[in-house]
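Take a walk through this model, contact by contact. Start with the rings, then move to the core, the charges and the surface.

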Amino acid sequence: MILIVIVGLAVGIALGFGLNLSYPSDYSFYITMGLLAALDSLLGALKAYLKGTYDNLIFLSGFLVNSLLAAALVYLGDRLGVPLYYAVIFVFGGRLFQNGAAIRRLLIEKHVAKKSREDVEK
């Protein structure tokens, strides 16, 4: 399963750099906030995978809803003249750090557990 994700990510990155696609610069802020939310979903999925609680439906729905919600908040704030993008940065940026810290802890716990098993076997 993880191999499919890695291959899909590699293909997506290669297509992104290989194709000469452009979009109006007016959309760059919306896309950036959507990417921030998408990155949060990806780290959340990695955390769930390491915990053994990963669910594809939860990941896909969270990925789409979070990305669209972030872009919609930025758009609404832009139309109202209120900087709602700060909320997107604060919420999803904070969650990125929380997920990153949780992933780090999970990896350390797995490493320590593996080390303990190796020590017991000796």
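Phe-29, Tyr-85 and Tyr-86 form one aromatic cluster. Rings of Phe, Tyr and Trp (its six-membered ring) pair here if their centres lie within 6.5 Å; planes under 30 degrees apart count as stacked, over 60 as edge-to-face, and the rest as tilted. The model is predicted: local features need pLDDT of at least 70, side-chain atom pairs count only at pLDDT 80 or more, and totals for chains, interfaces and linings use all residues. Residues are numbered from 1 along each chain as its sequence is written, and side-chain values use heavy atoms, with hydrogens and water left out.

By the ring rule, the count comes to five aromatic pairs. How are the rings of Phe-29 and Tyr-85 arranged? Their centres are 4.8 Å apart and their planes stand at 85°, so this pair is edge-to-face. Phe-29 lies in helix α2 and Tyr-85 in helix α4, so the pair ties together parts that are 56 residues apart in sequence. Helices (H or I, at least four residues) and strands (E, at least two) are DSSP runs, numbered from the N terminus. Phe-29 counts as partly exposed at 35% relative accessibility. Tyr-85 is partly exposed too, at 25%. The cut-offs: buried means under 20% relative accessible area, exposed over 50%, and partly exposed in between (1.4 Å probe, protein chains only).

Tyr-30 and Tyr-75 make another pair. Their ring centres are 6.2 Å apart with planes at 55°, so the pair is tilted. Tyr-30 lies in helix α2 and Tyr-75 in helix α3, so the pair ties together parts that are 45 residues apart in sequence. Tyr-30 is buried at 16%, whereas Tyr-75 is partly exposed at 44%.

The largest nonpolar core has nine residues: Tyr-30, Met-33, Leu-36, Ala-37, Ala-70, Val-74, Val-88, Phe-92 and Leu-96. Helices α2, α3 (56-80) and α4 (85-121) each supply at least two residues of this core. Helix α2 gives the most, with four residues. A nonpolar core is a set of buried Ala, Val, Leu, Ile, Met, Phe, Trp, Tyr and Cys residues joined through side-chain atoms within 4.5 Å.

Ala-37 is found in helix α2 and is buried, at 0% relative accessibility. Not counting residues up to four places away in sequence, Ala-37 touches Asn-66, Ser-67, Ala-70 and Phe-92. Contact means heavy atoms within 4.5 Å. The C-alpha atoms of Ala-37 and Ala-71 are separated by 8.9 Å, with the two residues 34 apart along the chain. Which residues does Ala-70 contact, leaving aside its neighbours within four places in sequence? They are Met-33, Gly-34, Ala-37, Val-88 and Phe-92.

Stay on helix α2 (residues 28-51) for Ser-41. This serine is buried, with a relative accessible area of 8%. Beyond its neighbours within four places in sequence, Ser-41 is in contact with Phe-59, Gly-62, Phe-63 and Asn-66.

Now the charges. A search of the whole structure finds one salt bridge, defined as a side-chain nitrogen of Lys or Arg within 4 Å of a carboxyl oxygen of Asp or Glu. Arg-95 forms a salt bridge with Asp-40, the closest N and O atoms being 2.8 Å apart. Arg-95 lies in helix α4 and Asp-40 in helix α2, so the pair ties together parts that are 55 residues apart in sequence. Asp-40 is buried at 0%, whereas Arg-95 is partly exposed at 36%.

Asp-40 has another partner to follow. Asn-99 sits in helix α4 and is buried at 7%. Leaving aside neighbours within four places in sequence, Asn-99 is in contact with Asp-40, Leu-43, Gly-44 and Lys-47.

Finish on the surface. A nonpolar patch there has about 1000 Å² of accessible area together, and includes Ile-2, Val-11, Leu-19, Leu-46 and Tyr-49. The elements giving two or more residues to this patch are α1 (2-18) and α2. Helix α1 gives the most, with seven residues. Patches are made of residues with over 30% relative accessible area and no salt bridge; like charges are joined within 9 Å, nonpolar side chains (Val, Leu, Ile, Met, Phe, Trp, Tyr) within 5 Å. Leu-19 is in the loop between α1 and α2. Leu-19 is partly exposed, at 46%.

Note on methods: Accessible areas come from the Shrake-Rupley method with a 1.4 Å probe; for residues, only the protein chains shown count as cover.
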